[in-house]
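Subject: A structure for you to look at

Hi,

Here is the structure I promised to pass on, and my notes on it follow below. Please open it next to this email and look up each residue as you read.

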Amino acid sequence: MDISSFFKTFKTILSGIFAIVLVAVAGFGINRSLSNDIRLSNLALGNIEALAQEEGEHDGGVLPPVVITCSGSGQGPCWVPDFEPLPFNRYRVTCPYFSGRMQDNCMPGTYPI
């Protein structure tokens with residue numbers, strides 16, 4: 001066996017070992033990642049259950065009615081804004097869509113950027 005074939009064999013074996021170690025480390029990292037998500041999910045679920053029990057103890061488990069006050073005028077709460085760029089660093093806001101969600105709020109007009 002000459003020296004070049006020895007180094008070629010050694011290089012092949014070393015490459016195989018490196019590939020096996022790389023796959024093992026990647027698998028370990030994925031396993032740790034998935035395990036952390038499960039713990040986080042259990043923590044979040046525990047918090048939600050605790051909040052739900054706390055609400056039930058204070059008011060007998062009955063939730064208050066939800067009141068949504070929407071504007072019927074085509075602007076304000078429950079309307080989704082649409083933005084149109086204009087020249088001279090301005091934009092126009094219109095309120096074309098009714099969403100029924102109070103967190104949506106639209107005030108039409110032309111505004112500077």
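A salt bridge is a side-chain nitrogen of Lys or Arg within 4 Å of a carboxyl oxygen of Asp or Glu. Keep that in mind, as we come back to it further down.

Two notes on how to read the values. You are looking at a predicted model, in which local features need pLDDT of at least 70 and side-chain atom pairs count only at pLDDT 80 or more, while totals for chains, interfaces and linings use all residues. Residues are numbered from 1 along each chain as its sequence is written, and side-chain values use heavy atoms, with hydrogens and water left out.

**The overall layout**

Read from the N terminus, the order is α-β-β-β-β-β. Here helices (H or I, at least four residues) and strands (E, at least two) are DSSP runs, numbered from the N terminus.

How much of the chain is buried? Of the 113 residues, 8% are buried. Buried means under 20% relative accessible area, exposed means over 50%, and partly exposed is in between (1.4 Å probe, protein chains only). The accessible surface of the chain is about 9400 Å², and 66% of that surface belongs to carbon and sulfur atoms. These areas come from the Shrake-Rupley method with a 1.4 Å probe; for residues, only the protein chains shown count as cover.

Contacts (heavy atoms within 4.5 Å) can also be sorted by distance along the sequence. Among those between residues at least 6 apart, 30% join residues at least 24 apart.

**The aromatic end of the helix**

Now find helix 1, which covers residues 3-59 and holds Phe7. Which residues form a nonpolar patch on the surface? They are Ile3, Phe6, Phe7, Phe10 and Leu14, with about 540 Å² of accessible area together. Patches are made of residues with over 30% relative accessible area and no salt bridge; like charges are joined within 9 Å, and nonpolar side chains (Val, Leu, Ile, Met, Phe, Trp, Tyr) within 5 Å.

Phe7 counts as partly exposed because its relative accessibility is 48%. Phe6 is partly exposed too, at 42%, and so is Phe10, at 46%.

The whole structure has five aromatic pairs. One of them joins Phe6 and Phe10, which are stacked, with 6.4 Å from centre to centre and 15° between the planes. For such a pair, the ring centres of Phe, Tyr or Trp (its six-membered ring) lie within 6.5 Å; planes under 30 degrees apart count as stacked, over 60 as edge-to-face and the rest as tilted. Both Phe6 and Phe10 sit in helix 1, four residues apart, which is about one turn of the helix.

Most residues other than glycine have a negative phi. With that in mind, go to the loop between strand 2 (79-86) and strand 3, where you will find Phe88. Its phi is positive, near 65°. Asn89 is in the loop between strand 2 and strand 3 as well, and Asn89 has a positive phi of about 55°. Phe88 counts as exposed because its relative accessibility is 74%; Asn89 is exposed at 59%.

**The disulfide**

A disulfide is a covalent bond between the sulfur atoms of two cysteines. The search counts cysteine sulfur atoms within 2.5 Å, and in the whole structure it finds one such link. Cys95 and Cys106 form this disulfide, with their sulfur atoms 1.9 Å apart. Cys95 belongs to strand 3 (residues 90-98) and Cys106 to strand 4 (residues 105-106), 11 residues apart. The link is left-handed, with -85° about the S-S bond. Are these two cysteines buried or exposed? Both Cys95 and Cys106 are buried.

**Back to the salt bridges**

How many salt bridges does the structure hold? There are two. In one, the side chains of Arg92 and Glu84 meet at 3.1 Å, N to O. Arg92 is partly exposed, with a relative accessible area of 34%, and Glu84 is partly exposed at 37%.

Asp104 and Arg101 form a salt bridge as well, also 3.1 Å from N to O. Here Asp104 counts as buried because its relative accessibility is 13%, whereas Arg101 is partly exposed at 44%.

Enjoy exploring, and write back with any questions!

Best wishes
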